[in-house]
Amino acid sequence: MENKTVTMPNPNIQPQRNDEDEIDLGRLFGLLIDHKWLIALITAAFMFVGVVYAMLATPIYQADALLQVEKKSSGIPALGEMSEMFATESEAATEIEIMKSRMVIGAVVDQLELTNVVKPNFMPFIGEFLARRSGENNQVVLEALQVPESQIGKELKLRLKDKTFTLFDSESEEVVTGVVGTPAENGSWLIHISDAVTANTNSFTLVKLNRLKAINDWQAALSVIERGRQTGILSASIQNANAKHAERVLDAIATEYMLQNIRRNAAEAENSLEFLQRQIPTIKENLNEAEEKLNSYRLQSQSVDLSLETQGLLEQLVELEKRINDLTLKEAELSRLYTKQHPSYQALIEQKANLEADQKRLSSQIQELPETQQQVLRYTRDVEVNQEIYLQLLNRMQELNVLKAGTVGNVRILDNAATKPEPVAPKKPLIVVLATMLGGMLSVGLVFVKAALNRGVESAEQLENEGINVYASVPKSEVQETMDQRLVRMAKRKTHEVIKAPLLAKEDPTDLAIEALRGLRTSLHFAMLEARNNIIMISGPSPAVGKSFVTANLAAVLAQAGQRVLLIDGDIRRGYLHSMLQANNDKGLADLLVARRSTTGGEAVNGNSSELVDYKPYIQSGYIENLDFIPRGTSAPNPAELLMHPRMNNFMEQVSKEYDYVLIDTPPILAVTDAAIVGSYVGTTLLVARFGLTPAKEMIHTIKRFNQNGIEIKGVILNSVERRTSVYYGYNYMYGYEYKPESQ
């Protein structure tokens with residue numbers, strides 16, 4: 001048969017990789033399956049929190065009212081029929097802003113004294129819930145509260161006992177004491193409690209809010225929307241933990257809004273009435289003066305009647321004068337509302353100009369009449385025009401008086417404030433669903449983030465893609481995990497006793513992890529065909545990869561196959577193989593290297609590079625047949641120097657000839673240099689990588705470190721391989737082991 005040597009590929013070769021930006025949906029799905037219990041636990045925890053919150057949260061009730069805003073004209077009642085030319089509609093958005101204005105809300109705050117806030121104090125978390133379950137009220141009816149300026153907006157404490165109370169300021173200093181039903185005063189402090197119910201608590205928190213703060217709070221609480229589009233129907237609502245309080249406040253707001261609308265309409269009529277009252281005396285004086293002139297001229301000229309033609313001209317002229325004067329009054333009204341550039345104002349001026357043009361035309365016709373007829377016509381025209389205007393103003397004044405007395409406004413309350421019997425918040429089913437969804441999303445996100453941050457090797461293919469040969473994959477052993485857990489419990493109970501870690505190859509030889517090491521035993525036979533000796537060193541990149549577990553159990557597997565095996569704990573610093581092999585650590589490798597013995601067995605003064613090392617006294621055996629063991633021995637301050645001593649080389653040469661296999665467990669190479677020193681004596685070097693913990697780049701760096709010291713790595717043992725759907729989705733099974741101290 002042709003001998004073949006298994007060599008380590010060059011780690012500097014850049015293997016072909018898949019696109020790292022490609023999303024492996026199968027792996028993502030596998031991650032969710034692997035962590036299904038974690039996801040379920042976090043989701044259940046969030047759902048539980050959601051249920052508890054939904055049960056304990058304070059219920060919020062909603063009071064709502066319905067109002068109607070009718071269409072109204074521009075508010076110029078003196079214009080009569082002409083007001084239709086200037087009619088405008090009241091927009092719902094404007095009415096909503098008026099309803100939420102400080103003018104309306106401020107009046108309600110003052111009316112209901114909403115600057116006084118009283119809250120009962122319950123025990124944290126469940127106190128308020130228990131109070132609601134009892135069905136009894138806990139309230140203080142506060143009629144008046146006055147505090148110094150420095151205490152406005154700060155929390156005050158009120159304690160009641162029977163019918164007496166004590167008020168404390170924000171610094172917990174007692175300021176007022178009194179009796180319920182009687183005002184109590186102390187300097188600038190004044191408090192009047194008319195009634196108090198203390199079924200579940202006798203402690204309350206009082207706050208005297210700043211008026212503007214109270215207005216802003218209720219503005220934020222008030223919601224007003226228009227139902228439909230341009231319907232003029234406004235729906236107002238307020239949400240509050242106190243249903244009756246919300247109803248009372250909303251009712252007051254709706255009433256105040258309606259009253260201000262009435263006052264506004266009455267104010268328009270009042271303004272028009274004042275304007276007319278200023279005009280009537282002037283018109284009355286003009287009328288009297290015109291009548292006196294007409295009578296005087298008739299007596300003087302002895303002319304009484306007008307001809308039919310002159311009478312017709314007079315009627316037309318009077319009508320024009322009446323209309324012009326009417327437009328003059330309207331112009332005075334419009335000048336208070338609009339500028340001269342406004343279209344309504346311009347239309348009125350244009351109409352007035354047309355009437356004045358007709359007036360000039362009639363005046364030119366009158367000029368053709370006899371002088372006497374002209375004078376009588378002029379005086380008669382003045383009398384009739386002033387008389388018409390005067391009567392018209394008197395009628396308008398009567399109309400405005402009636403309008404002012406009967407003003408109802410264009411707002412009416414359709415539905416008074418009422419509170420729904422069921423709370424509108426919290427929405428318990430929705431809270432539970434959202435909490436559950438949030439828990440699910442957070443748990444899934446946690447799994448994905450953890451997977452993204454974990455760069456550990458999860459398959460042999462990952463190492464092989466980096467050019468690293470994998471000799472064996474050792475699956476997770478549930479038996480070893482159970483034994484480790486038992487050891488942890490024992491260590492907690494017996495802290496002063498030495499705890500012996502069991503060896504899996506002896507406790508359960510049929511475990512799949514041991515079967516994997518038996519496969520490694522076969523691979524080692526071919527790997528060591530061209531090795532310079534039969535010494536095998538097992539190391540790793542960092543602690544906690546399970547190299548001691550692999551070394552001890554591999555040695556046991558080799559010994560169980562009938563081979564004479566020597567197991568050496570080369571980790572002089574922190575080795576613990578003696579615990580796994582039920583041996584003592586009184587003397588070992590460190591003591592062997594320190595001792596200076598001559599070829600005759602006596603102690604030599606100076607060490608000799610060619611001396612034989614008497615290692616027999618340091619060997620312990622009997623735990624497993626054919627397996628001899630040398631522990632690390634007494635801890636030494638200079639382990640690297642000891643390992644470099646010529647006695648170490650002589651010792652290696654001796655045991656290599658006397659045993660079929662010599663296995664050495666060494667410290668991690670990235671932590672200390674001991675493994676590089678031991679590697680110079682051995683013929684085969686293997687590394688251990690831990691599934692899910694050791695990154696592939698760390699293994700590359702480890703191999704590079706050994707290569708720099710002239711040590712060839714034969715291959716890697718992937719330890720503690722777990723069954724993960726995210727890695728091996730599509731396969732029926734996969735085994736693994738999670739790291740525990742002094743274990744796999």
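Guide: What follows is a set of questions on sheets, contacts and a pocket in a predicted model.

Visitor: What makes S4 and S5 paired strands?

Guide: The test is at least two bridges between them. Strand S4 (residues 155-161) and strand S5 (residues 164-168) are joined by 5 bridges. They therefore count as a pair. Their directions are antiparallel. At this pairing, Lys161 stands opposite Thr164 in S5.

Visitor: How do you know that S5 also pairs with S6?

Guide: The same test applies: at least two bridges. S5 and S6 have 5, so they pair. These strands run antiparallel. Here Thr164 stands opposite Val179 in S6. The hairpin of S5 and S6 has 5 residues between the strands. In that hairpin, Ser172 takes a positive phi near 65 degrees.

Visitor: What makes S2 and S6 edge strands?

Guide: Look at the order, S2-S9-S4-S5-S6, in an open sheet of 5 strands. Strand S2 (116-120) and strand S6 (174-179) each pair on one side only. The twist from one strand to the next averages 25 degrees.

Visitor: What makes the link between Ser542 and Glu698 a polar contact?

Guide: The cut-off is 3.5 Å between N or O atoms, with one able to donate a hydrogen and the other to accept it. The side chains of Ser542 and Glu698 are joined at 3.2 Å, so the distance falls within the cut-off. Ser542 sits in the loop between strand S14 (535-539) and helix H16 (547-560). Beyond its neighbours within four places in sequence, Ser542 also contacts Pro668.

Visitor: Which residues does Ala243 touch?

Guide: Tyr61 and Thr419, not counting residues up to four places away in sequence. Ala243 lies in helix H7 (residues 243-301). The C-alpha atoms of Ala243 and Pro423 are separated by 8.9 Å, though these residues are 180 apart along the chain.

Visitor: Where is the centre of the largest pocket, in terms of the closest residues?

Guide: The closest are Val118, Asn240, Ala241, Asn242 and His245, out of 39 lining residues. The pocket has a volume of about 1,700 Å³.

Visitor: Which elements supply the lining of the largest pocket?

Guide: Several supply at least two residues each, including helix H4 (102-112), helix H5 (127-134) and helix H6 (211-221). S2, strand S9 (203-208) and H7 are also among them. Strand S3 gives the most, with 6 residues.

Visitor: How many residues of that lining are nonpolar, polar and charged?

Guide: The lining divides into 20 nonpolar, 10 polar and 9 charged residues.

Methods. Residues numbered from 1 in each chain as written. Predicted model: local features only at pLDDT ≥ 70, side-chain atom pairs only at ≥ 80, totals over all residues. Heavy atoms only, no water. Helix = DSSP H or I, 4+ residues; strand = E, 2+ residues; numbered from the N terminus. Axes fitted to C-alpha atoms, helices over the stretch in contact; angles between N-to-C directions. Contact = heavy atoms within 4.5 Å. 1 Å grid on protein atoms, 1.4 Å probe; cavity = no way out; pocket = protein on both sides within 12 Å on 5 of 7 lines; lining within 4 Å. Points joined across faces, edges and corners; volume = space filled by probe spheres on them. Nonpolar A, V, L, I, M, F, W, Y, C, P; charged D, E, K, R; others polar.
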